[in-house]
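Biologist: I have a new structure on my screen and would like to learn how to read it. Could you walk me through it?

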Amino acid sequence: MSAGLIMPGFALLIAPSANKVYASSAIELTVAELRLFSREVQELDIRNVDKTTIGGLPYVVFDCTDIDSRKISFISNLSSAYALFERCEGALLPVELISGEKLDSDLITIQRYAGKTNEQFTRLMLNLALVCSDFRERAFTGGLHVFDPVFGRGTTLNRALTYGHHVGGTELDKRSFDGYQSFIKTWLKDKRFKHRLTAQPVKKNKKLIATRFDVTLARSRDALKAGEQQTINAVNVDTRRSLDFFAKDSHHVIVGDLPYGIRHGAGVRGELSRTPDVLVADCLPVWAKILKTGGTLALSWNTRNFARDKFVVLLRDAGLLVLDDGLDKAFKHRVDHVITRDLIVAKKV
Ligand SMILES: C[S@@+](CC[C@H](N)C(=O)[O-])C[C@H]1O[C@@H](n2cnc3c(N)ncnc32)[C@H](O)[C@@H]1O
């Protein structure tokens with residue numbers, strides 16, 4: 001490491017993205033992500049976060065003293081991290097990354113479907129929720145409970161599983177729910193994971209109110225014996241009814257990419273909210289109950305039909321502390337001609 005009074009400088013190479021539109025925003029989003037990490041975890045002592053180009057490639061640069069494995073772990077798991085270098089008199093010296101990924105990344109990449117949330121963006125949201133929570137020391141080591149109220153075909157759930165967390169969620173669209181269930185079933189079989197999957201209808205007063213599947217999984221028999229199993233609890237139901245299936249104070253973080261108010265494919269039946277503000281107003285009190293104190297919620301949405309200010313008011317009404325200081329516009333980015341996405345982070349204090 002460089003000696004002297006000048007803080008050692010580092011450069012993080014941004015991963016190439018398969019999605020060209022997202023690639024154009026990835027550098028700005030990673031700058032904002034690292035700024036938020038450094039604000040929330042002050043002992044990281046990361047300063048002067050900025051973007052630059054070296055040798056024609058995009059890098060996030062920053063200064064950091066006394067870099068150690070804990071700091072490297074936070075940096076390594078940034079949503080678009082590809083390679084880390086210490087900057088030394090114009091040269092780039094490689095620093096080995098410490099990835100939190102415990103499962104093969106094809107868990108996240110195999111599925112392709114209309115309406116899938118960008119994988120890097122999903123990781124960004126999950127990272128922000130984990131790092132802004134009081135449970136951040138386990139963010140990249142696992143064992144926390146992550147909830148996605150609108151899980152689609154499971155991009156958030158799968159990302160959280162790769163970090164070693166337990167996952168739960170609700171999804172209204174039956175085709176998405178069934179698609180996720182059959183994907184997980186096949187993936188666990190192909191990877192020869194020890195697992196138990198149960199799928200069943202849920203009835204109340206003899207009336208079918210939902211369908212659910214629950215999975216316990218472990219990489220091997222030894223892992224299972226060592227208690228290193230993870231769980232998936234997935235329910236095909238309107239997320240307004242989450243408290244019928246998930247206990248109060250049961251989850252450390254909630255992460256969701258809310259419906260955009262447009263249809264992908266043939267659309268879905270049921271009480272699908274065409275505008276996310278109605279869904280958010282109905283659900284925030286429910287989601288706030290599911291969250292543990294000290295836990296955080298990171299939600300993204302289409303700003304074309306729901307203003308940030310209104311979202312902030314609804315979060316405050318639900319008793320949550322909005323971490324919006326300096327975040328306004330930092331994460332706003334274009335998805336396509338009808339979607340401009342933003343995200344918001346709030347904490348249960
Ligand atoms: C933007 S998509 C999320 C996609 C997901 N992150 C993925 O990558 O598969 C929003 C999801 O919200 C679901 N949804 C809409 N209204 C809902 C409700 N009331 N309860 C539960 N899910 C709902 C939609 O069916 C859709 O799958």
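Predicted model: local features only at pLDDT ≥ 70, side-chain atom pairs only at ≥ 80, totals over all residues.

Biologist: How many helices and strands does the protein chain have?

Modeller: Helices (H or I, at least four residues) and strands (E, at least two) are DSSP runs, numbered from the N terminus. Here the protein chain has 9 helices and 15 strands. Its radius of gyration is 20 Å, close to the 20 Å that the globule rule gives for 349 residues, so the chain is as compact as a globular protein of that length. That radius is taken over C-alpha atoms, and the rule is 2.2 Å times the number of residues to the power 0.38.

Biologist: What share of the residues counts as buried?

Modeller: Buried means under 20% relative accessible area, exposed over 50%, and partly exposed in between (1.4 Å probe, protein chains only). By that scale, 55% of the 349 residues are buried. Contacts give another view: contact means heavy atoms within 4.5 Å. Of the contacts with a separation of 6 or more, 69% come from residues 24 or more positions apart.

Biologist: Which residue caps the N-terminal end of H4?

Modeller: Asn-118 does, with a side-chain oxygen 2.9 Å from the backbone nitrogen of Gln-120.

Biologist: What about salt bridges?

Modeller: A salt bridge is a side-chain nitrogen of Lys or Arg within 4 Å of a carboxyl oxygen of Asp or Glu. The whole structure holds 21 of them. One of these joins Glu-101 and Arg-159, whose closest N and O atoms are 3.5 Å apart. This pair links distant parts of the chain, 58 residues apart: Glu-101 is in the loop between strand S5 (91-95) and helix H3 (106-109), while Arg-159 is in helix H5 (residues 155-162). Glu-101 is partly exposed at 30% relative accessible area, whereas Arg-159 is buried at 7%.

Biologist: Which residue forms a salt bridge with Glu-119?

Modeller: Arg-112 does, at 3.4 Å between the closest N and O atoms. Glu-119 is partly exposed, at 21%, and Arg-112 is exposed, at 61%. Another pair is Arg-241 with Asp-244, at 3.2 Å. Salt bridges can also share partners, as in the network that joins Glu-43, Arg-70 and Glu-137.

Biologist: Could we finish with Thr-156? Is this residue buried or exposed?

Modeller: Thr-156 is buried, with a relative accessible area of 5%, and its place is in helix H5. Leaving aside neighbours within four places in sequence, Thr-156 is in contact with Thr-122, Asp-148 and Val-255. With Asp-148, the side chain of Thr-156 makes a polar contact of 2.9 Å. A polar contact is a pair of N or O atoms within 3.5 Å; within protein, one must be able to donate a hydrogen and the other to accept it, and residues adjacent in sequence count only if both atoms are side-chain atoms.

Terms used:
Residues numbered from 1 in each chain as written. Heavy atoms only, no water.
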